[in-house]
Amino acid sequence: MLVYTDAAFFPALDYLDFRQEGHRLEFKETEDPSSGLEYKGVVYNEMKGAMSNPGDAFLHRMSENLFKKA
């Protein structure tokens with residue numbers, strides 16, 4: 001209980017924790033601006049990996065259809 005309350009009420013947050021981007025656009029070739037843009041970023045790559053599993057995608061869609069919001 002002490003660990004959870006300490007983390008909830010006295011989080012060890014740093015300024016740099018809020019400076020991390022969710023996604024960004026970068027050139028495919030960093031030195032060539034005509035090479036086109038692509039999405040990159042920590043959160044973007046994590047979500048791309050989580051959503052690329054066909055089984056997870058199927059269960060997510062099935063749950064959406066079974067438990068539709070009124």
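Is Glu64 exposed, partly exposed or buried? At 38% relative accessibility, Glu64 counts as partly exposed, where buried means under 20% relative accessible area, exposed means over 50%, and partly exposed is in between, with a 1.4 Å probe and protein chains only.

Hello everyone, and thanks for coming. Before we go on, please keep in mind that this is a predicted model, in which local features need pLDDT of at least 70 and side-chain atom pairs count only at pLDDT 80 or more, while totals for chains, interfaces and linings use all residues. Residues are numbered from 1 along each chain as its sequence is written, and side-chain values use heavy atoms, leaving out hydrogens and water.

Let's start with the overall layout. The protein has three helices and two strands, in the order α-β-β-α-α from the N terminus on. These elements are DSSP runs numbered from the N terminus: helices are H or I with at least four residues, strands are E with at least two. The radius of gyration is 19 Å, well over the 11 Å that the globule rule gives for 70 residues, so the protein is more spread out than a compact globule. That radius is taken over C-alpha atoms, and the globule rule is 2.2 Å times the number of residues to the power 0.38. Along its principal axes, the C-alpha trace spans about 55 × 40 × 25 Å.

Of the 70 residues, 3% count as buried. Among contacts with a separation of 6 or more, 0% come from residues 24 or more positions apart, a contact being heavy atoms within 4.5 Å. The protein exposes about 6,700 Å², and carbon and sulfur atoms supply 61% of that; accessible areas come from the Shrake-Rupley method with a 1.4 Å probe, and for residues only the protein chains shown count as cover.

Now to the start of the chain. Leu2 lies in helix 1, residues 2-9, and counts as exposed at 72% relative accessibility. Leu2 and His23 are 21 residues apart in sequence, yet 35 Å apart in space, C-alpha to C-alpha.

Next, the charged pairs. Side chains of opposite charge can pair when their charged atoms come close. How many salt bridges does a search of the whole structure find? The search finds four, with a salt bridge being a side-chain nitrogen of Lys or Arg within 4 Å of a carboxyl oxygen of Asp or Glu.

One of them joins Glu26 and Arg24, at 2.7 Å from N to O. Glu26 is partly exposed at 24%, and Arg24 is partly exposed at 32%. Glu38 also pairs with Lys40, with the closest N and O atoms 3.5 Å apart.

Back to our opening residue: the side chains of Glu64 and Arg61 meet in a salt bridge at 3.2 Å, N to O. These two are three residues apart in helix 3, residues 54-66, and therefore separated by about one helical turn. Arg61 is exposed, with a relative accessible area of 51%. Elsewhere, salt bridges that share partners join Arg24, Glu26, Glu38 and Lys40 into one network.

Finally, the nonpolar surface. Leu25, Phe27, Leu37, Tyr39 and Tyr44 make a nonpolar patch of about 490 Å². Patches are made of residues with over 30% relative accessible area and no salt bridge, joining like charges within 9 Å and nonpolar side chains (Val, Leu, Ile, Met, Phe, Trp, Tyr) within 5 Å. Strand 1 (24-27) and strand 2 (37-40) each supply at least two residues of this patch, and Leu25 lies in strand 1.
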